[in-house]
Amino acid sequence: MTRRFAAEFGDSEALVAAARQLRQDGHSLLDAFTPFPVSELDDILEVKSSKVRSVMLVAGIAMAALAYGIQWYSSVVNYPLNVGGRPLNSWPVFMLVPFEVGILAAVISGLIAFMVNCRLPELHHEVFDVAGFERASQDRFFLLTATSEADEHGSTLRHALERAGAFSVSEMWQA
């Protein structure tokens, strides 16, 4: 079983230095909570790029193609009407609905992909029980770490966090 620790730091430089040191020591870094974006943490935490844009693109194109196919099938195959000698497959007339349906599908799939990517709705996380965590949005910096298999009791990680300059190190309990 891995143990999780939340370490509180006073400034972003101390947080980045501690994250670099812990990464070099082979510890697992899960997340960082800061009152403003710290760009150096993206590389240290190995933040993966989001797949939301590609999900939106695929869903939008697929639904637009489906809408066009339904219009084409109903106009050309299922119920052809010869109105004034116009062609049955008049693609300029068919483009408005697929465009709007594609945009709608892209937005809905983007919202769903965003929520899945962020693991929402998660109304409570064990990091909220850490004393003083509410200051993460004001003036404190928190680093969420996990122990490795070799460090069963978490003492090595706790000492590494304290040596890195953490104000406090709190063990988090999973429900």
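**Close-up of Ser 12 and its contacts.** In this predicted model, Ser 12 touches Phe 36, Val 38 and Phe 141, leaving aside residues up to four places away in sequence, where contact means heavy atoms within 4.5 Å. Ser 12 lies in helix α1 and is buried at 13% relative accessibility (buried is under 20% relative accessible area, exposed over 50% and partly exposed in between, with a 1.4 Å probe and protein chains only). Helices (H or I, at least four residues) and strands (E, at least two) are DSSP runs numbered from the N terminus.

**Close-up of His 27 in its loop.** The loop between α1 (12–24) and β2 (28–33) holds His 27, which is buried with a relative accessible area of 8%. Not counting residues up to four places away in sequence, His 27 touches Leu 22, Thr 156, Leu 157 and Ala 160.

The buried residues of α5 are Pro 98, Gly 102, Ala 105, Ala 106, Ser 109, Gly 110 and Ala 113. Seen down the axis of α5, these buried residues fall within an arc of 140°, so they line one face of the helix (the arc is that of the directions from the helix axis to the C-beta atoms). The cover over the buried residues of α5 includes α3 (52–78) and α4 (91–94), while the face turned away from the buried side carries the exposed residues Leu 96, Leu 104, Leu 111 and Ile 112.

**Notes on the model.** Residues are numbered from 1 along each chain as its sequence is written. In this predicted model, local features need pLDDT of at least 70, side-chain atom pairs count only at pLDDT 80 or more, and totals for chains, interfaces and linings use all residues, while side-chain values use heavy atoms, with hydrogens and water left out.
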